[in-house]
Amino acid sequence: MSNRLRAALAAARWLGTKEGSREHRELLAVYNGIKPLPRGYRLTEKDPWCAGFVSAAAVMAGFGENYPLECSCARIMEKAKRMGIWVEDDAHVPLIGDWVLYDWQGKDGECVGAPDHVGIVIGREGDELLIVEGNFDNAVKLRKIPVGWEKIRGFVCPKLEEEGDMIRYRMLEEVPGYARETIRKLTQDGSLKGIGEDDLGLSEELIRILVILDRRGKL
């Protein structure tokens, strides 16, 4: 399993976690266990926790040193710039494992203010990105956004080990048996819009993530 897939799965496995639940407290405990704790601030159950969520997921995946761990979106951006892993380009297409930061107040694609929210990329369906976010309506949820969405402030692009050539499946018949029914369902109901019938272009890693989400009832 590639490092990027491992980072994505560390976040995806928390889908459905609700604020105030035992799982939410476990996430906070992971963040508060970071040494040294960013700015010495311990997250509480009353704090916004999207930044703490992606930071905790990075730690659980074993990549804490590769990401700008923080409980503040603005400070994530500042740290990412210092680490040389901040990308501010409307045309950028993020990879699995990258973080996406949003600026809800930005208008007409002019997002230049302090970021308000953050999530981690777990896959791509045609021209749409699949993002897992904490503190999304007080829970961990999946969001689909178009590549180049006007509310994107920028990206954290960690320097993780290169995966090399990824296996890609062109036709449904080529998809591994364990995933075939999930992919058939998603292509038939239009969830994988933008994917050609004769050229699925689905990577092995994205298929694994889609199967996990399907089995958890998240698709």
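Modeller: Welcome! A helix is a DSSP run of H or I with at least four residues, a strand is a run of E with at least two, and both are numbered from the N terminus. The model is predicted: local features need pLDDT of at least 70 and side-chain atom pairs pLDDT 80 or more, while totals for chains, interfaces and linings use all residues. Residues are numbered from 1 along each chain as its sequence is written, and side-chain values use heavy atoms, leaving out hydrogens and water.

Biologist: Thanks! How many helices and strands does the chain have?

Modeller: There are six helices and eight strands. From the N terminus they run α-α-α-α-β-β-β-β-β-β-β-α-β-α.

Biologist: Where is Pro36 found, and what makes the bond between Lys35 and Pro36 stand out?

Modeller: Pro36 is in the loop between H2 and H3. The peptide bond joining Lys35 and Pro36 is cis, with omega about -5 degrees. Most peptide bonds are trans, and most residues other than glycine have a negative phi. Arg39, in that H2 to H3 loop, has a positive phi of about 60 degrees although it is not a glycine.

Biologist: Why is Arg39 called partly exposed, and why is Asp137 called exposed?

Modeller: Buried means under 20% relative accessible area, exposed means over 50%, and partly exposed is in between, using a 1.4 Å probe and protein chains only. Arg39 has 46%, so it counts as partly exposed. Asp137 has 57%, so it counts as exposed. Asp137, in the loop between S4 and S5, also has a positive phi, about 55 degrees.

Biologist: What makes helix H1 largely enclosed by the rest of the structure?

Modeller: Nine of the ten residues of H1 (residues 3–12) are buried, so the helix is largely enclosed. Among them are Leu5, Leu9 and Ala12. The buried residues of H1 pack against H3 (50–61), S3, S4 and H6.

Biologist: Why is H2 called roughly perpendicular to H3?

Modeller: Axes are lines fitted to C-alpha atoms, for helices over the stretch in contact, and angles between N-to-C directions run from 0 to 180 degrees. Angles under 35 degrees count as roughly parallel, over 145 as roughly antiparallel, 65 to 115 as roughly perpendicular, and the rest as oblique. The axes of H2 (residues 22–32) and H3 come within 9 Å and cross at roughly 70 degrees. That angle falls in the 65 to 115 range, so H2 is roughly perpendicular to H3. Contact means heavy atoms within 4.5 Å, and Leu27, Val30 and Tyr31 in H2 meet residues of H3 including Phe53 and Val59.
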